[in-house]
Amino acid sequence: MQLGRKERGMYAIRNRKTKKWVYGTDYRYSPSRQRTSFDRALTYADYDHVKFDFKHRQCGKDYEIVPVVITEVRDDADD
């Protein structure tokens, strides 16, 4: 899906090969290395912000910006 500039929703950065989410960047290395996880992700409310952060983090061709839907999971163990 090609995203236009005016698309609204939530976005995240994901590794194309592993499908892991980016949750941080380690700037101690050159080029920077992405911290990835299946359980954690940075989310963005607008496309312009994620596009800027994608470039700032130097994600490269192995990463992609994807739309995400946040779903609340109810914990019935407390009932």
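**Entry 1: ground rules.** I am working with a predicted model, where local features need pLDDT of at least 70, side-chain atom pairs count only at pLDDT 80 or more, and totals for chains, interfaces and linings use all residues. I number residues from 1 along each chain as its sequence is written, and side-chain values use heavy atoms, with hydrogens and water left out.

**Entry 2: strand S1 and its partners.** I took helices (H or I, at least four residues) and strands (E, at least two) as DSSP runs, numbered from the N terminus. For pairing, I asked that DSSP find at least two bridges between two strands. I started from S1, residues 8-15, and found it antiparallel to S4, residues 44-46, with two bridges joining them. On that side, Tyr11 has Tyr44 of S4 as its bridge partner. I then looked up S5, residues 63-68, which pairs with S1 over six bridges, again in the antiparallel sense.

**Entry 3: salt bridges.** How many salt bridges does a search of the whole structure find? I got five, counting a side-chain nitrogen of Lys or Arg within 4 Å of a carboxyl oxygen of Asp or Glu.

I went to Glu64 and Arg16, whose closest N and O atoms are 3.5 Å apart. This pair links distant parts of the chain, since Glu64 lies in S5 and Arg16 in the loop between S1 and S2 (21-26), 48 residues apart.

Is Glu64 buried or exposed? I use buried for under 20% relative accessible area, exposed for over 50%, and partly exposed in between (1.4 Å probe, protein chains only). Glu64 counts as buried because its relative accessibility is 16%. Arg16, at 44%, is partly exposed.

Entry 4: Next I checked Lys17 and Asp62, whose side chains meet in a salt bridge at 3.8 Å, N to O. They too link distant parts of the chain: Lys17 is in the loop between S1 and S2, Asp62 in the loop between helix H1 (47-56) and S5, 45 residues apart. Lys17 is exposed because its relative accessible area is 67%, while Asp62 is partly exposed at 31%.

Entry 5: My last pair was Arg57 with Asp53, a salt bridge at 2.8 Å, N to O. Both of these residues are buried. I also noted that Arg14, Arg16 and Glu64 form one network, joined by salt bridges that share partners.
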